Amino acid sequence: MKLRKDFLWGGATAANQFEGAWNVDGKGESVSDHCTNGSHTVPKRVTVNIEPDTLYPSHEAIDFYCHYEEDIALFAEMGFKCFRMSINWTRIFPTGMESEPNEAGLAFYDRVFDCCKKHGIEPLVTISHYEMPYALVEKCNGWEGREAIGYFETYCRVIFERYKDKVKYWLTFNEINAGTMPLGNVLSTSTVKGYSGPITQVPDSPQARYQALHHQFVASARVVKYAHEHYPQFLLGNMIAFCAVYPFTCHPDDVLEAQRQMRDTNWYCSDVQVKGEYPYYAKAFWEKNGIELKMEPGDLEVLKEGTVDFYTFSYYMTNCAGVGHEEAVSGNLTGGLKNPYLEASAWGWQIDPQGLRWSLNEIYERYHIPLMIVENGLGARDERSEDGKFHDSYRIDYLRRHIQQMKLAVEEDGVDLMGYTPWGCIDLVSASTGEMAKRYGFIYVNKFDDGTGDLSRERKDSFYWYKKVIATNGEDLD
Ligand code: BG6
């Protein structure tokens, strides 16, 4: 077995982290536009009002809005078959509540998709990637309000119809399981009405958050069902931040704790989106946490009818879980216990290529639908070398080791994998910290944490390496 001949090699981005042009051509304000910068040690803040003299990284980001032709040409030079990007809801519906879409916003994505097509690149579109209109936060506390479902459906119907001949692959919500964690209040469920302060200290209401998550499940299922009925050429996927958890030891307490975390952070969401129903332990979980979900007649049916065609996920690290152990580490959305066998990135995310093979098998065994890795990569500081170039051998090493394990999962284990789009194929703003210094790209962008930089683009060593990887369909990883 080999990787598919039409394997979707590419890269991934999100509108709020790279488009900039936050208030241009009729665009409204999204939750991300209300988030300041931060760092590994100082959390970014969300603010009710846009404060003068405060840096909001999404406002300019790396200005893909004006650089898209140059950037897509660079992706094409690397040989991308696929480009994962998101549509900014507020470019299409500035407050989320208008009855007519904003034509200038729609036209922008027409230009982007046309440019992809010109270069033979297939877009993979995330419909909502941490970009809810801020007006909906004010109106209905983000996804806690059931009316958000209807606004989302209207948005989806408009973009489906507009781009039906240009986009085949769609993901409904980025990392929908962020809603199972308090941090998800800002990023995902947007349940931050009236709150200004660090994103790590949002007053958390599991009741509101899980209600919001239920609304996202229903919204996702409704639009998947709608798309299947009206656009049979579309393929729709979910998107999970796969938080792989190992037991810290073989003590049964640790094994059970790891199982609990796997359920609560991963399977709870993907069971709904892939199997079409809440897992059997959901009821006990709600009871234990004092959550009383309000469901309307038809909700459970639509979850059943709107299951996804493929499963996608982000994979950066693994963590350990157990009872009575201490040394903690951070990670993507959620931290855990330090694994003594692994090294970590400068931001404390534990690097575990074999964990990717393990995760692919765990997921495929459970669901048996095609998988796609839509985020993976190393956030690192890049320093210009004396010869003026960026020699990012550490990034190449990280990606090489992950691709090796990804291939083993396909070639030796038989997992059905559609593609691989590493995160931040071009340097962009970090979602967790708002930094530019945490770079993932094959392409360096001259933009810094203080907002300065001329936005010029340069190829790093990893650019040439990844080009060779794609050209050989993953055979040459040297
Ligand atoms: C995922 C998100 O959580 O990880 C991306 O989908 C994010 O939006 C990526 O950028 C990497 O995380 P960070 O915090 O390093 O930007």
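This is a predicted model: local features need pLDDT of at least 70, side-chain atom pairs count only at pLDDT 80 or more; totals for chains, interfaces and linings use all residues.
Hi everyone, let me start with a question: does Asp110 count as buried or exposed? At 13% relative accessibility, Asp110 counts as buried.

My topic today is salt bridges. A search of the whole structure turns up 37 of them, and I'd like to walk you through a few.

Let's stay with Asp110. Its side chain meets that of Arg162 in a salt bridge, at 2.7 Å from N to O. The two come from distant parts of the chain: Asp110 sits in helix 4 (residues 103-118) and Arg162 in helix 6 (residues 147-162), 52 residues apart. Arg162 is partly exposed, with a relative accessible area of 29%.

Next, please find Glu412 and Arg357. Their side chains form a salt bridge as well, at 4.0 Å, N to O. Glu412 is in the loop between helix 13 (393-411) and strand 16 (417-420), while Arg357 is in helix 12 (residues 353-367), so this pair ties together parts 55 residues apart in sequence. Glu412 is exposed, at 59% relative accessible area, whereas Arg357 counts as partly exposed at 23%.

Now for Arg384 and Glu458, which meet in a salt bridge at 2.8 Å, N to O. Arg384 lies in the loop between strand 15 (371-375) and helix 13, and Glu458 in strand 18 (residues 457-459), so parts that are 74 residues apart in sequence are tied together. Both are partly exposed: Arg384 at 40% and Glu458 at 23%.

Note on methods. Residues are numbered from 1 along each chain as its sequence is written. Side-chain values use heavy atoms; hydrogens and water are left out. Helices (H or I, at least four residues) and strands (E, at least two) are DSSP runs, numbered from the N terminus. Buried means under 20% relative accessible area, exposed over 50%, partly exposed in between (1.4 Å probe, protein chains only).
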